[in-house]
Amino acid sequence: MVTSATVKSKALVAFGRNDIRGTYRDPLLVMIVFAPVIWTTGVVVLTPRFTEMLANRYDFDLVPYYPLVLTAFLLLTSIIIVGGLASFLVLDEVDADTLTALRVTPVPLSTFFAYRSATVMAVTTVYVVATMSFSGILAPGLVPSLVPIGLLAGLSAVVTLLLIVAVASNKIQGLAMVRGLGMLIAGLPCLPWFIHSGWNLAFGVLPPYWAATAFWVASEHGTWWPYLLGGVVYNLAIAWPLFRRFVAKNT
């Protein structure tokens with residue numbers, strides 16, 4: 001007797017197999033997967049050189065800005081990369097009528113998105129922990145805090161995914177949205193670093209703000225868990241209506 005759990009398990013295996021095939025067949029997706037390696041290498045090689053150059057030429061110490069460097073080049077870029085990659089995979093499935101086929105199977109769309117969200121959060125967390133750990137400029141003792149912060153970044157990547165698929169109808173539109181969201185996700189959340197007052201909370205409307213700020217506070221050995229909690233609540237509050245819009249769009 002085939003149970004509902006068995007059907008769902010087989011569906012999850014099929015989703016994973018399809019993701020792997022879809023990723024290595026598309027050169028753009030392959031590049032997106034390996035981009036963090038390139039950026040991490042850039043941070044490892046170039047940051048010490050810029051630190052030395054700025055110190056010698058301008059008597060400027062870049063070391064206190066290392067958390068900002070890590071945020072801009074590794075943490076926030078992980079969000080846009082994984083969210084963008086996942087959105088392309090979903091849009092491929094929309095084009096292939098995979099979601100239409102799901103409607104006549106025992107596997108609900110919510111199961112498909114639970115799988116997609118879990119993989120996005122897991123991959124983003126691995127990206128964040130691995131790239132920042134190997135950056136060579138991460139302060140000692142921060143690796144354990146990177147796991148929950150990486151999960152929060154993964155939740156922001158899920159929001160990015162949902163925002164793209166809720167608006168875009170194909171991969172061309174999705175790619176245009178990724179380019180447009182690049183500055184919004186990987187640029188603007190860095191600005192609160194320079195605002196030393198409660199006004200930096202105004203940037204909390206940007207989902208990645210919470211992961212970035214949690215990391216900055218953790219780097220200063222401050223109490224960062226309120227930003228973690230606030231980020232989870234805020235990102236979930238945004239993700240739900242976006243998910244409902246996507247479902248309505250594809251039913």
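Predicted model: local features only at pLDDT ≥ 70, side-chain atom pairs only at ≥ 80, totals over all residues.

Trainee: Why is Y234 called partly exposed?

Mentor: Buried needs a value under 20% and exposed needs one over 50%. Y234 has 25%, so it falls in between and counts as partly exposed.

Trainee: And what makes W240 exposed?

Mentor: Its relative accessibility is 53%, and the cut-off for exposed is over 50%, so W240 counts as exposed.

Trainee: How do you know that F243 is buried?

Mentor: F243 has a relative accessible area of 16%, which is under 20%, so the label is buried.

Trainee: What makes W240 and F243 an aromatic pair, and why is the pair called tilted?

Mentor: Their ring centres are 5.9 Å apart, and rings pair within 6.5 Å, so they qualify. The angle between the planes is 35 degrees; stacked would be under 30 and edge-to-face over 60, so tilted is the word left. Both residues lie in helix α9, three residues apart, which is about one turn of the helix. Ring pairs also link F112, F113, W240, F243 and F246 into a cluster.

Trainee: How many aromatic pairs does this rule give?

Mentor: The count comes to ten. One of them joins W210 and Y234, with 6.4 Å between centres and 45 degrees between planes.

Trainee: What does the pair of W210 and Y234 tie together?

Mentor: W210 lies in helix α8 and Y234 in helix α9, so the pair ties together parts that are 24 residues apart in sequence. W210 is at 15% relative accessibility, under the 20% cut-off, so it counts as buried.

Trainee: Why is α8 called mostly covered?

Mentor: Eleven of its eleven residues are buried. The cover includes α3, α5, α6 and α9. Take A214 in α8: its relative accessibility is 0%, so with a cut-off of 20% it is buried. Leaving out residues up to four places away in sequence, A214 touches I149, W224, Y227 and L228.

Trainee: Let me try one. T40 is in helix α2, and its relative accessible area of 10% is under 20%, so T40 is buried.

Mentor: That's it! Beyond its neighbours within four places in sequence, T40 is in contact with L74, T131, F134 and S135.

Terms used. Residues numbered from 1 in each chain as written. Heavy atoms only, no water. Helix = DSSP H or I, 4+ residues; strand = E, 2+ residues; numbered from the N terminus. Buried < 20%, exposed > 50% of the residue type's maximum accessible area, 1.4 Å probe, protein only. Contact = heavy atoms within 4.5 Å. Phe/Tyr/Trp six-rings, centres within 6.5 Å; stacked < 30°, edge-to-face > 60°.
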